[in-house]
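Biologist: I am new to this structure and would like to learn how to read its features one by one. Could we begin with the surface and then go inward?

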Amino acid sequence: MNAALRKMGGLLSVYYAYMTAYRAELILWALANSLPFILMGAWYQAAAGGAFGFTPVDVTRYFLAVFVIRQLTVVWVIWEFDQDVQRGRLSQYLLQPVDPVWRYLAAHLSERVARLPFSALIIALFFLIFPPARFVPHASDVLLAITFATLAFALRFVMQYTLALFALWTERASSLESLMFILYLVLSGAIAPLEVFPPELRELVMWTPFPYFIWVPARLLIGGADVDLMRATVVCVSWIGSLLVVNRVVWRLGLKRHSSMGA
Amino acid sequence: MRRLGVILWRYWSTSLQAELEYRSNFLVQAFGSSLALAGSIFALTLFYRGGGFPGWTFEEGLVVQGLYSAFSGAIACVLSPNLSRIVQHVEAGTLDFVLLKPVDAQVTLSLRVISPWGLPDLVFGLAVIAWGAARAPARDGSVSLALLAVLFGALIIYGLWFVVATTSVWFTKIYNATEVLRGLLDAGRFPMAAYPAAYRFAFTFVMPVAFMTTVPAELLLGRGQPTMLLGSALIALVLLVASRAFWRFALKSYTGASG
(Lines give C-alpha, C1' and ligand atoms only; values in the text may rest on other atoms or scores of the structure.)
Protein backbone atom coordinates (compact mmCIF):
# COMPACT_ATOMS: atom_id res chain seq x y z
CA MET A 1 0.00 0.00 0.00
CA ASN A 2 2.78 2.37 1.00
CA ALA A 3 4.72 1.51 -2.13
CA ALA A 4 1.69 2.21 -4.30
CA LEU A 5 1.20 5.60 -2.67
CA ARG A 6 4.87 6.43 -3.15
CA LYS A 7 4.64 5.51 -6.84
CA MET A 8 1.57 7.68 -7.31
CA GLY A 9 3.26 10.55 -5.47
CA GLY A 10 6.23 10.25 -7.79
CA LEU A 11 4.07 10.18 -10.90
CA LEU A 12 2.10 13.21 -9.70
CA SER A 13 5.17 15.35 -9.13
CA VAL A 14 6.67 14.31 -12.49
CA TYR A 15 3.53 15.15 -14.42
CA TYR A 16 3.02 18.40 -12.52
CA ALA A 17 6.48 19.44 -13.65
CA TYR A 18 5.57 18.48 -17.23
CA MET A 19 2.38 20.51 -17.13
CA THR A 20 3.97 23.66 -15.79
CA ALA A 21 6.56 23.46 -18.57
CA TYR A 22 3.76 24.19 -21.04
CA ARG A 23 2.07 27.06 -19.21
CA ALA A 24 1.29 29.01 -22.38
CA GLU A 25 -0.52 25.99 -23.77
CA LEU A 26 -2.54 25.71 -20.57
CA ILE A 27 -3.69 29.34 -20.89
CA LEU A 28 -4.74 28.69 -24.47
CA TRP A 29 -6.64 25.54 -23.52
CA ALA A 30 -8.49 27.49 -20.85
CA LEU A 31 -9.32 30.20 -23.41
CA ALA A 32 -10.34 27.66 -26.05
CA ASN A 33 -13.22 26.69 -23.81
CA SER A 34 -15.27 29.68 -24.96
CA LEU A 35 -18.44 27.72 -25.75
CA PRO A 36 -20.06 28.31 -22.32
CA PHE A 37 -19.55 32.06 -22.75
CA ILE A 38 -21.04 32.09 -26.26
CA LEU A 39 -24.10 30.15 -25.14
CA MET A 40 -24.28 32.34 -22.06
CA GLY A 41 -24.89 35.27 -24.40
CA ALA A 42 -27.54 33.50 -26.44
CA TRP A 43 -29.44 32.22 -23.39
CA TYR A 44 -29.05 35.58 -21.61
CA GLN A 45 -30.86 37.21 -24.51
CA ALA A 46 -33.45 34.39 -24.68
CA ALA A 47 -34.15 34.64 -20.92
CA ALA A 48 -34.63 38.40 -21.25
CA GLY A 49 -37.71 37.59 -23.36
CA GLY A 50 -39.20 36.14 -20.17
CA ALA A 51 -40.52 32.92 -21.72
CA PHE A 52 -38.24 30.52 -19.86
CA GLY A 53 -38.86 31.00 -16.15
CA PHE A 54 -35.34 32.13 -15.29
CA THR A 55 -33.71 35.53 -15.31
CA PRO A 56 -30.72 36.58 -17.44
CA VAL A 57 -28.57 36.73 -14.30
CA ASP A 58 -29.50 33.11 -13.43
CA VAL A 59 -28.37 32.10 -16.90
CA THR A 60 -25.09 33.94 -16.54
CA ARG A 61 -24.33 32.17 -13.27
CA TYR A 62 -25.32 28.80 -14.68
CA PHE A 63 -22.97 29.06 -17.66
CA LEU A 64 -20.20 30.40 -15.45
CA ALA A 65 -20.67 27.26 -13.34
CA VAL A 66 -20.58 25.21 -16.55
CA PHE A 67 -17.24 26.79 -17.39
CA VAL A 68 -15.86 25.96 -13.93
CA ILE A 69 -17.09 22.36 -14.03
CA ARG A 70 -15.67 21.84 -17.52
CA GLN A 71 -12.32 23.18 -16.37
CA LEU A 72 -12.38 20.73 -13.46
CA THR A 73 -13.40 17.70 -15.51
CA VAL A 74 -11.42 17.94 -18.76
CA VAL A 75 -10.36 14.48 -19.95
CA TRP A 76 -8.12 13.75 -22.96
CA VAL A 77 -6.80 10.28 -22.15
CA ILE A 78 -8.06 8.82 -25.46
CA TRP A 79 -5.75 10.97 -27.61
CA GLU A 80 -2.80 10.24 -25.32
CA PHE A 81 -3.53 6.50 -25.42
CA ASP A 82 -3.93 6.48 -29.23
CA GLN A 83 -0.51 8.10 -29.55
CA ASP A 84 1.08 5.74 -27.06
CA VAL A 85 -0.24 2.72 -28.95
CA GLN A 86 0.74 4.09 -32.37
CA ARG A 87 4.24 5.13 -31.33
CA GLY A 88 4.90 1.99 -29.32
CA ARG A 89 5.35 3.86 -26.03
CA LEU A 90 2.73 1.62 -24.46
CA SER A 91 5.11 -1.35 -24.65
CA GLN A 92 7.63 0.48 -22.50
CA TYR A 93 4.96 1.36 -19.98
CA LEU A 94 3.82 -2.25 -19.87
CA LEU A 95 7.31 -3.34 -18.86
CA GLN A 96 7.17 -1.21 -15.74
CA PRO A 97 5.52 -2.48 -12.57
CA VAL A 98 2.77 0.18 -12.66
CA ASP A 99 -0.49 -0.14 -14.57
CA PRO A 100 -0.34 2.61 -17.26
CA VAL A 101 -3.70 3.95 -16.12
CA TRP A 102 -1.97 5.54 -13.10
CA ARG A 103 0.23 7.58 -15.42
CA TYR A 104 -2.75 8.95 -17.30
CA LEU A 105 -4.57 9.63 -14.06
CA ALA A 106 -1.55 11.42 -12.60
CA ALA A 107 -1.24 13.56 -15.75
CA HIS A 108 -4.90 14.54 -15.55
CA LEU A 109 -4.85 15.31 -11.84
CA SER A 110 -1.70 17.41 -11.95
CA GLU A 111 -2.96 19.33 -14.98
CA ARG A 112 -5.98 20.29 -12.89
CA VAL A 113 -3.74 21.93 -10.30
CA ALA A 114 -1.63 23.67 -12.95
CA ARG A 115 -4.71 25.01 -14.73
CA LEU A 116 -6.52 26.26 -11.64
CA PRO A 117 -4.86 29.71 -11.46
CA PHE A 118 -5.79 30.52 -15.08
CA SER A 119 -9.40 29.47 -14.61
CA ALA A 120 -9.59 31.58 -11.44
CA LEU A 121 -8.17 34.53 -13.38
CA ILE A 122 -10.79 34.19 -16.13
CA ILE A 123 -13.61 34.07 -13.57
CA ALA A 124 -12.23 37.09 -11.70
CA LEU A 125 -12.01 38.98 -14.99
CA PHE A 126 -15.57 38.02 -15.82
CA PHE A 127 -16.88 39.28 -12.46
CA LEU A 128 -15.01 42.52 -13.06
CA ILE A 129 -16.61 43.03 -16.49
CA PHE A 130 -20.10 41.93 -15.49
CA PRO A 131 -20.72 42.76 -11.80
CA PRO A 132 -24.40 41.64 -11.65
CA ALA A 133 -23.28 38.02 -11.98
CA ARG A 134 -21.13 38.21 -8.83
CA PHE A 135 -22.15 35.72 -6.21
CA VAL A 136 -20.67 33.74 -3.35
CA PRO A 137 -21.91 30.16 -3.28
CA HIS A 138 -22.81 28.62 0.09
CA ALA A 139 -20.11 26.47 1.62
CA SER A 140 -22.44 23.46 1.57
CA ASP A 141 -23.18 23.99 -2.13
CA VAL A 142 -19.47 24.21 -2.91
CA LEU A 143 -18.88 20.98 -1.03
CA LEU A 144 -21.68 19.21 -2.92
CA ALA A 145 -20.52 20.60 -6.25
CA ILE A 146 -16.94 19.49 -5.65
CA THR A 147 -18.16 16.01 -4.69
CA PHE A 148 -20.22 15.71 -7.86
CA ALA A 149 -17.51 17.29 -9.99
CA THR A 150 -15.16 14.59 -8.71
CA LEU A 151 -17.72 11.93 -9.62
CA ALA A 152 -18.15 13.61 -13.01
CA PHE A 153 -14.41 13.49 -13.61
CA ALA A 154 -14.25 9.83 -12.54
CA LEU A 155 -17.15 8.91 -14.79
CA ARG A 156 -15.77 10.77 -17.78
CA PHE A 157 -12.29 9.36 -17.27
CA VAL A 158 -13.53 5.76 -16.98
CA MET A 159 -15.80 6.18 -20.00
CA GLN A 160 -13.13 7.71 -22.22
CA TYR A 161 -10.43 5.31 -21.07
CA THR A 162 -12.72 2.37 -21.85
CA LEU A 163 -13.26 3.70 -25.37
CA ALA A 164 -9.53 4.36 -25.64
CA LEU A 165 -8.79 0.69 -25.05
CA PHE A 166 -10.29 -0.11 -28.45
CA ALA A 167 -7.09 1.37 -29.86
CA LEU A 168 -5.52 -1.95 -28.87
CA TRP A 169 -7.52 -3.43 -31.75
CA THR A 170 -7.81 -0.54 -34.21
CA GLU A 171 -4.85 1.72 -33.33
CA ARG A 172 -7.13 4.71 -33.54
CA ALA A 173 -9.99 5.07 -31.09
CA SER A 174 -10.29 8.85 -30.92
CA SER A 175 -12.91 8.92 -33.68
CA LEU A 176 -15.19 7.07 -31.23
CA GLU A 177 -14.68 9.89 -28.77
CA SER A 178 -15.62 12.53 -31.32
CA LEU A 179 -19.00 10.82 -31.71
CA MET A 180 -19.38 10.56 -27.94
CA PHE A 181 -18.40 14.21 -27.59
CA ILE A 182 -21.41 15.33 -29.65
CA LEU A 183 -23.77 13.48 -27.29
CA TYR A 184 -21.81 14.92 -24.39
CA LEU A 185 -22.27 18.50 -25.63
CA VAL A 186 -25.96 18.17 -26.39
CA LEU A 187 -27.16 16.10 -23.43
CA SER A 188 -24.87 17.21 -20.61
CA GLY A 189 -26.27 20.69 -20.17
CA ALA A 190 -23.34 22.34 -21.94
CA ILE A 191 -25.47 23.95 -24.65
CA ALA A 192 -28.62 24.54 -22.60
CA PRO A 193 -29.62 23.99 -18.97
CA LEU A 194 -31.67 20.79 -18.72
CA GLU A 195 -34.62 22.81 -17.40
CA VAL A 196 -35.48 23.86 -20.96
CA PHE A 197 -35.57 20.29 -22.29
CA PRO A 198 -39.03 18.79 -22.86
CA PRO A 199 -39.88 17.09 -19.51
CA GLU A 200 -40.13 13.53 -20.91
CA LEU A 201 -36.78 13.84 -22.64
CA ARG A 202 -35.19 15.26 -19.51
CA GLU A 203 -36.48 12.32 -17.47
CA LEU A 204 -34.95 9.93 -20.01
CA VAL A 205 -31.63 11.76 -20.14
CA MET A 206 -31.28 11.64 -16.36
CA TRP A 207 -30.75 7.86 -16.61
CA THR A 208 -27.82 8.30 -19.02
CA PRO A 209 -24.35 9.32 -17.79
CA PHE A 210 -24.44 12.66 -19.62
CA PRO A 211 -26.15 15.11 -17.23
CA TYR A 212 -23.78 14.02 -14.46
CA PHE A 213 -20.84 15.41 -16.44
CA ILE A 214 -21.97 19.04 -16.30
CA TRP A 215 -25.56 19.86 -15.42
CA VAL A 216 -25.71 18.23 -11.97
CA PRO A 217 -22.47 19.66 -10.55
CA ALA A 218 -23.03 23.07 -12.20
CA ARG A 219 -26.57 23.30 -10.88
CA LEU A 220 -25.39 22.32 -7.38
CA LEU A 221 -22.69 25.01 -7.46
CA ILE A 222 -25.25 27.77 -8.00
CA GLY A 223 -27.52 26.30 -5.33
CA GLY A 224 -29.82 24.08 -7.36
CA ALA A 225 -32.73 22.82 -5.30
CA ASP A 226 -34.17 20.77 -8.17
CA VAL A 227 -31.48 18.09 -8.21
CA ASP A 228 -32.57 14.74 -6.78
CA LEU A 229 -29.36 14.03 -4.87
CA MET A 230 -30.28 10.47 -4.00
CA ARG A 231 -30.96 9.48 -7.58
CA ALA A 232 -28.00 11.44 -8.92
CA THR A 233 -25.65 9.57 -6.59
CA VAL A 234 -27.11 6.15 -7.37
CA VAL A 235 -27.18 6.60 -11.16
CA CYS A 236 -23.74 8.20 -11.33
CA VAL A 237 -22.03 5.66 -9.06
CA SER A 238 -23.62 2.70 -10.84
CA TRP A 239 -22.40 3.99 -14.21
CA ILE A 240 -18.88 4.40 -12.81
CA GLY A 241 -19.02 0.91 -11.28
CA SER A 242 -20.28 -0.89 -14.35
CA LEU A 243 -17.90 0.95 -16.70
CA LEU A 244 -15.01 0.05 -14.38
CA VAL A 245 -15.89 -3.62 -14.75
CA VAL A 246 -16.18 -3.32 -18.54
CA ASN A 247 -12.89 -1.41 -18.60
CA ARG A 248 -10.96 -4.13 -16.77
CA VAL A 249 -12.44 -6.89 -18.96
CA VAL A 250 -11.62 -5.02 -22.18
CA TRP A 251 -8.13 -4.25 -20.87
CA ARG A 252 -7.41 -7.97 -20.27
CA LEU A 253 -8.77 -8.96 -23.69
CA GLY A 254 -6.97 -6.08 -25.41
CA LEU A 255 -3.60 -6.88 -23.88
CA LYS A 256 -3.84 -10.43 -25.25
CA ARG A 257 -4.58 -8.98 -28.69
CA HIS A 258 -2.02 -6.20 -28.54
CA SER A 259 1.10 -6.63 -30.59
CA SER A 260 3.45 -3.74 -30.09
CA MET A 261 3.92 -1.15 -32.81
CA GLY A 262 6.96 0.78 -33.75
CA ALA A 263 9.13 -0.30 -30.85
CA MET B 1 -1.05 31.40 -63.33
CA ARG B 2 -1.15 28.20 -65.41
CA ARG B 3 1.87 26.91 -63.56
CA LEU B 4 0.12 27.58 -60.27
CA GLY B 5 -2.87 25.58 -61.52
CA VAL B 6 -0.67 22.59 -62.33
CA ILE B 7 1.04 22.79 -58.95
CA LEU B 8 -2.25 22.98 -57.08
CA TRP B 9 -3.59 19.98 -59.03
CA ARG B 10 -0.53 17.95 -58.03
CA TYR B 11 -0.75 19.08 -54.42
CA TRP B 12 -4.39 18.15 -54.11
CA SER B 13 -4.36 14.86 -55.96
CA THR B 14 -1.46 13.56 -53.88
CA SER B 15 -3.01 14.67 -50.61
CA LEU B 16 -6.36 13.14 -51.55
CA GLN B 17 -4.68 9.86 -52.43
CA ALA B 18 -2.99 9.83 -49.04
CA GLU B 19 -6.23 10.54 -47.17
CA LEU B 20 -8.24 7.98 -49.12
CA GLU B 21 -6.17 5.24 -47.54
CA TYR B 22 -8.55 5.58 -44.62
CA ARG B 23 -11.81 5.11 -46.51
CA SER B 24 -13.74 3.51 -43.67
CA ASN B 25 -13.13 6.72 -41.74
CA PHE B 26 -15.55 8.37 -44.16
CA LEU B 27 -18.53 6.46 -42.77
CA VAL B 28 -17.61 7.45 -39.24
CA GLN B 29 -17.29 11.08 -40.36
CA ALA B 30 -20.62 11.04 -42.17
CA PHE B 31 -22.33 9.53 -39.13
CA GLY B 32 -20.62 12.10 -36.91
CA SER B 33 -21.73 15.03 -39.07
CA SER B 34 -25.34 13.91 -39.16
CA LEU B 35 -25.26 13.46 -35.38
CA ALA B 36 -23.69 16.90 -34.91
CA LEU B 37 -26.25 18.51 -37.20
CA ALA B 38 -29.11 16.78 -35.37
CA GLY B 39 -27.62 18.10 -32.12
CA SER B 40 -27.45 21.67 -33.41
CA ILE B 41 -31.01 21.55 -34.71
CA PHE B 42 -32.14 20.19 -31.36
CA ALA B 43 -30.40 23.12 -29.65
CA LEU B 44 -32.21 25.50 -31.98
CA THR B 45 -35.60 23.95 -31.13
CA LEU B 46 -34.82 24.52 -27.43
CA PHE B 47 -34.59 28.27 -28.08
CA TYR B 48 -37.84 28.16 -30.02
CA ARG B 49 -39.66 26.39 -27.16
CA GLY B 50 -40.04 29.92 -25.85
CA GLY B 51 -39.76 33.04 -27.96
CA GLY B 52 -36.83 32.12 -30.16
CA PHE B 53 -34.51 34.72 -31.64
CA PRO B 54 -36.15 38.12 -32.01
CA GLY B 55 -37.12 38.75 -35.64
CA TRP B 56 -36.03 35.32 -36.89
CA THR B 57 -38.38 32.44 -37.63
CA PHE B 58 -37.24 28.90 -36.87
CA GLU B 59 -36.63 28.21 -40.58
CA GLU B 60 -34.51 31.34 -40.90
CA GLY B 61 -32.53 30.18 -37.89
CA LEU B 62 -32.03 26.86 -39.71
CA VAL B 63 -30.44 28.68 -42.65
CA VAL B 64 -27.86 30.13 -40.27
CA GLN B 65 -27.23 26.65 -38.82
CA GLY B 66 -26.80 25.25 -42.31
CA LEU B 67 -24.33 27.97 -43.22
CA TYR B 68 -22.40 27.21 -40.05
CA SER B 69 -22.25 23.48 -40.91
CA ALA B 70 -21.20 24.17 -44.47
CA PHE B 71 -18.49 26.55 -43.23
CA SER B 72 -17.14 24.03 -40.73
CA GLY B 73 -17.07 21.46 -43.52
CA ALA B 74 -15.10 23.81 -45.76
CA ILE B 75 -12.77 24.67 -42.90
CA ALA B 76 -12.14 20.96 -42.28
CA CYS B 77 -11.47 20.42 -46.01
CA VAL B 78 -9.08 23.27 -46.70
CA LEU B 79 -8.26 25.57 -43.84
CA SER B 80 -7.43 23.51 -40.78
CA PRO B 81 -5.42 20.71 -42.46
CA ASN B 82 -3.16 23.33 -44.04
CA LEU B 83 -2.83 25.93 -41.35
CA SER B 84 -2.30 23.40 -38.58
CA ARG B 85 0.76 22.25 -40.53
CA ILE B 86 2.40 25.66 -40.23
CA VAL B 87 2.91 24.94 -36.54
CA GLN B 88 4.42 21.53 -37.35
CA HIS B 89 6.67 23.05 -40.02
CA VAL B 90 8.07 25.56 -37.57
CA GLU B 91 8.51 22.97 -34.85
CA ALA B 92 10.17 20.36 -37.08
CA GLY B 93 12.21 22.86 -39.09
CA THR B 94 10.62 21.82 -42.38
CA LEU B 95 9.45 25.39 -42.99
CA ASP B 96 12.89 25.87 -44.58
CA PHE B 97 11.92 23.48 -47.38
CA VAL B 98 8.73 25.42 -48.07
CA LEU B 99 10.60 28.71 -48.17
CA LEU B 100 13.24 27.34 -50.54
CA LYS B 101 10.72 26.24 -53.17
CA PRO B 102 10.11 28.62 -56.09
CA VAL B 103 6.41 28.91 -55.21
CA ASP B 104 5.00 31.63 -53.00
CA ALA B 105 5.29 30.28 -49.46
CA GLN B 106 1.94 31.66 -48.30
CA VAL B 107 0.18 29.91 -51.18
CA THR B 108 1.93 26.61 -50.45
CA LEU B 109 1.20 26.84 -46.76
CA SER B 110 -2.45 27.76 -47.30
CA LEU B 111 -3.34 25.33 -50.09
CA ARG B 112 -0.90 22.43 -49.85
CA VAL B 113 -3.38 19.74 -48.85
CA ILE B 114 -7.07 19.14 -49.23
CA SER B 115 -8.94 16.72 -47.04
CA PRO B 116 -12.23 15.00 -47.92
CA TRP B 117 -13.38 14.62 -44.30
CA GLY B 118 -15.30 17.88 -44.24
CA LEU B 119 -17.50 16.88 -47.18
CA PRO B 120 -20.37 15.37 -45.14
CA ASP B 121 -20.66 18.60 -43.11
CA LEU B 122 -20.59 20.65 -46.31
CA VAL B 123 -23.27 18.56 -48.03
CA PHE B 124 -25.59 18.31 -45.00
CA GLY B 125 -25.12 22.04 -44.40
CA LEU B 126 -26.16 22.87 -47.97
CA ALA B 127 -29.21 20.61 -47.64
CA VAL B 128 -30.30 22.39 -44.46
CA ILE B 129 -29.81 25.81 -46.09
CA ALA B 130 -31.98 24.76 -49.05
CA TRP B 131 -34.67 23.28 -46.80
CA GLY B 132 -34.76 26.30 -44.48
CA ALA B 133 -34.68 28.89 -47.26
CA ALA B 134 -37.55 27.17 -49.11
CA ARG B 135 -39.75 27.35 -46.01
CA ALA B 136 -38.72 30.78 -44.73
CA PRO B 137 -41.12 33.71 -45.21
CA ALA B 138 -40.95 34.72 -48.87
CA ARG B 139 -38.96 37.89 -49.50
CA ASP B 140 -36.82 38.74 -52.47
CA GLY B 141 -33.50 37.35 -51.39
CA SER B 142 -30.55 37.07 -53.71
CA VAL B 143 -28.51 33.91 -54.13
CA SER B 144 -25.68 35.66 -55.95
CA LEU B 145 -25.30 38.36 -53.28
CA ALA B 146 -25.38 35.63 -50.63
CA LEU B 147 -22.64 33.71 -52.44
CA LEU B 148 -20.52 36.87 -52.59
CA ALA B 149 -21.07 37.31 -48.85
CA VAL B 150 -20.00 33.69 -48.27
CA LEU B 151 -16.84 34.32 -50.26
CA PHE B 152 -15.98 37.41 -48.20
CA GLY B 153 -16.81 35.52 -45.02
CA ALA B 154 -14.45 32.73 -46.04
CA LEU B 155 -11.67 35.22 -46.78
CA ILE B 156 -12.20 36.87 -43.39
CA ILE B 157 -11.86 33.55 -41.58
CA TYR B 158 -8.84 32.64 -43.67
CA GLY B 159 -7.14 35.94 -42.86
CA LEU B 160 -7.74 35.59 -39.13
CA TRP B 161 -6.66 31.96 -39.08
CA PHE B 162 -3.50 32.63 -41.05
CA VAL B 163 -2.48 35.47 -38.74
CA VAL B 164 -2.97 33.27 -35.67
CA ALA B 165 -1.08 30.36 -37.25
CA THR B 166 1.75 32.69 -38.27
CA THR B 167 2.39 33.61 -34.65
CA SER B 168 3.87 30.12 -34.27
CA VAL B 169 7.02 31.46 -35.92
CA TRP B 170 7.72 33.14 -32.58
CA PHE B 171 5.97 30.86 -30.11
CA THR B 172 6.67 27.51 -31.83
CA LYS B 173 4.35 25.25 -29.94
CA ILE B 174 0.88 26.72 -30.14
CA TYR B 175 -1.26 23.92 -31.53
CA ASN B 176 -4.16 25.25 -29.57
CA ALA B 177 -4.03 28.92 -30.52
CA THR B 178 -6.10 27.96 -33.53
CA GLU B 179 -8.39 26.06 -31.12
CA VAL B 180 -9.16 29.37 -29.43
CA LEU B 181 -10.16 30.78 -32.81
CA ARG B 182 -12.20 27.71 -33.69
CA GLY B 183 -13.99 27.96 -30.35
CA LEU B 184 -14.96 31.55 -31.09
CA LEU B 185 -16.30 30.61 -34.53
CA ASP B 186 -18.96 28.59 -32.64
CA ALA B 187 -20.74 31.91 -32.17
CA GLY B 188 -21.70 31.66 -35.85
CA ARG B 189 -24.24 28.93 -35.04
CA PHE B 190 -26.88 31.55 -34.25
CA PRO B 191 -27.90 34.77 -35.96
CA MET B 192 -26.48 37.90 -34.35
CA ALA B 193 -29.97 38.82 -33.13
CA ALA B 194 -29.62 35.95 -30.65
CA TYR B 195 -26.93 37.81 -28.69
CA PRO B 196 -26.93 40.81 -26.34
CA ALA B 197 -25.63 44.12 -27.72
CA ALA B 198 -22.12 43.77 -26.28
CA TYR B 199 -21.69 40.37 -27.93
CA ARG B 200 -23.00 41.69 -31.24
CA PHE B 201 -20.45 44.48 -31.16
CA ALA B 202 -17.63 42.03 -30.42
CA PHE B 203 -18.74 39.53 -33.08
CA THR B 204 -18.85 42.30 -35.68
CA PHE B 205 -15.77 44.39 -34.97
CA VAL B 206 -13.44 42.32 -32.79
CA MET B 207 -14.01 38.77 -33.98
CA PRO B 208 -16.07 39.20 -37.16
CA VAL B 209 -18.16 36.02 -36.92
CA ALA B 210 -21.22 37.98 -38.06
CA PHE B 211 -19.88 38.07 -41.62
CA MET B 212 -19.51 34.31 -41.71
CA THR B 213 -23.12 33.22 -41.27
CA THR B 214 -25.49 36.04 -40.34
CA VAL B 215 -24.75 38.37 -43.26
CA PRO B 216 -24.97 35.68 -45.99
CA ALA B 217 -28.19 34.35 -44.41
CA GLU B 218 -29.76 37.82 -44.32
CA LEU B 219 -28.91 38.43 -47.97
CA LEU B 220 -30.18 35.00 -49.00
CA LEU B 221 -33.43 35.54 -47.12
CA GLY B 222 -33.84 39.08 -48.42
CA ARG B 223 -33.73 40.62 -44.94
CA GLY B 224 -30.50 42.56 -45.23
CA GLN B 225 -29.24 45.58 -47.11
CA PRO B 226 -26.80 44.93 -49.96
CA THR B 227 -24.67 47.67 -48.36
CA MET B 228 -23.69 45.08 -45.73
CA LEU B 229 -21.67 43.45 -48.49
CA LEU B 230 -19.46 46.54 -48.59
CA GLY B 231 -18.59 46.04 -44.93
CA SER B 232 -17.80 42.39 -45.59
CA ALA B 233 -15.63 43.21 -48.57
CA LEU B 234 -13.75 45.91 -46.68
CA ILE B 235 -12.96 43.68 -43.69
CA ALA B 236 -11.97 40.80 -45.98
CA LEU B 237 -9.60 43.07 -47.90
CA VAL B 238 -8.06 44.51 -44.75
CA LEU B 239 -7.51 41.04 -43.27
CA LEU B 240 -6.01 39.65 -46.46
CA VAL B 241 -3.54 42.52 -46.73
CA ALA B 242 -2.82 42.28 -43.02
CA SER B 243 -2.19 38.54 -43.17
CA ARG B 244 0.27 39.07 -46.03
CA ALA B 245 2.08 41.86 -44.22
CA PHE B 246 2.14 39.90 -40.98
CA TRP B 247 3.58 36.86 -42.75
CA ARG B 248 6.41 38.93 -44.24
CA PHE B 249 7.08 40.51 -40.88
CA ALA B 250 7.18 37.07 -39.25
CA LEU B 251 9.61 35.76 -41.85
CA LYS B 252 12.01 38.55 -40.96
CA SER B 253 12.43 37.08 -37.51
CA TYR B 254 12.47 33.47 -38.68
CA THR B 255 15.96 32.10 -38.24
CA GLY B 256 15.52 28.58 -39.58
CA ALA B 257 15.51 25.24 -37.87
CA SER B 258 18.84 25.65 -36.13
CA GLY B 259 18.41 29.26 -35.08
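Modeller: Let us start with patches, which are made of residues with over 30% relative accessible area and no salt bridge, like charges being joined within 9 Å and nonpolar side chains (Val, Leu, Ile, Met, Phe, Trp, Tyr) within 5 Å. Accessible areas come from the Shrake-Rupley method with a 1.4 Å probe, and for residues only the protein chains shown count as cover. This is a predicted model, in which local features need pLDDT of at least 70 and side-chain atom pairs count only at pLDDT 80 or more, while totals for chains, interfaces and linings use all residues. Residues are numbered from 1 along each chain as its sequence is written, chains are lettered from A and ligands numbered from 1 in the order in which they are written, and side-chain values use heavy atoms, with hydrogens and water left out.

Biologist: Which residues form a nonpolar patch on the surface?

Modeller: The patch consists of Leu125(A), Leu128(A) and Ile129(A), which together have about 350 Å² of accessible area. Helices (H or I, at least four residues) are DSSP runs, numbered from the N terminus, and Leu128(A) lies in one of them, helix α7 (residues 100–129) of chain A.

Biologist: Does a cut-off decide what the words for burial mean, and is Leu128(A) buried or exposed?

Modeller: Buried means under 20% relative accessible area, exposed over 50%, and partly exposed in between, with a 1.4 Å probe and protein chains only. Leu128(A) has 61% relative accessibility and therefore counts as exposed.

Biologist: How should I read the packing of two helices, and at what angle do α8 and α10 of chain A pack?

Modeller: Axes are lines fitted to C-alpha atoms, for helices over the stretch in contact, and angles run from 0 to 180 degrees between N-to-C directions. In chain A, helix α8 (residues 139–164) and helix α10 (residues 174–187) pack at about 150°, their axes being 10 Å apart. That angle makes α8(A) roughly antiparallel to α10(A), given that angles under 35 degrees count as roughly parallel, over 145 as roughly antiparallel, 65 to 115 as roughly perpendicular and the rest as oblique. A crossing is left-handed if the near helix is turned anticlockwise from the far one by less than a right angle, and right-handed if clockwise; the crossing of α8(A) and α10(A) is right-handed.

Biologist: Which residues could I look at within these two helices?

Modeller: In helix α8 of chain A you will find Ala145(A), which is buried because its relative accessible area is 3%. Helix α10 of chain A holds Tyr184(A), which counts as buried because its relative accessibility is 4%.

Biologist: How many salt bridges does the structure hold?

Modeller: A salt bridge is a side-chain nitrogen of Lys or Arg within 4 Å of a carboxyl oxygen of Asp or Glu, and over all chains the structure holds 12 of them. One of them joins Arg115(A) to Glu111(A), with the closest N and O atoms 2.9 Å apart. These two residues are four apart in helix α7 of chain A, so about one helical turn separates Arg115(A) from Glu111(A), and both are buried.

Biologist: Where does the salt bridge of Asp104(B) and Arg244(B) lie in the chain?

Modeller: Between Asp104(B) and Arg244(B), the closest N and O atoms are 2.7 Å apart. The pair links distant parts of the chain, 140 residues apart, with Asp104(B) in the loop between α4 (95–100) and α5 (105–111) of chain B and Arg244(B) in helix α12 (residues 227–252) of chain B. Asp104(B) counts as partly exposed at 30% relative accessibility, and Arg244(B) is partly exposed as well, with a relative accessible area of 27%.
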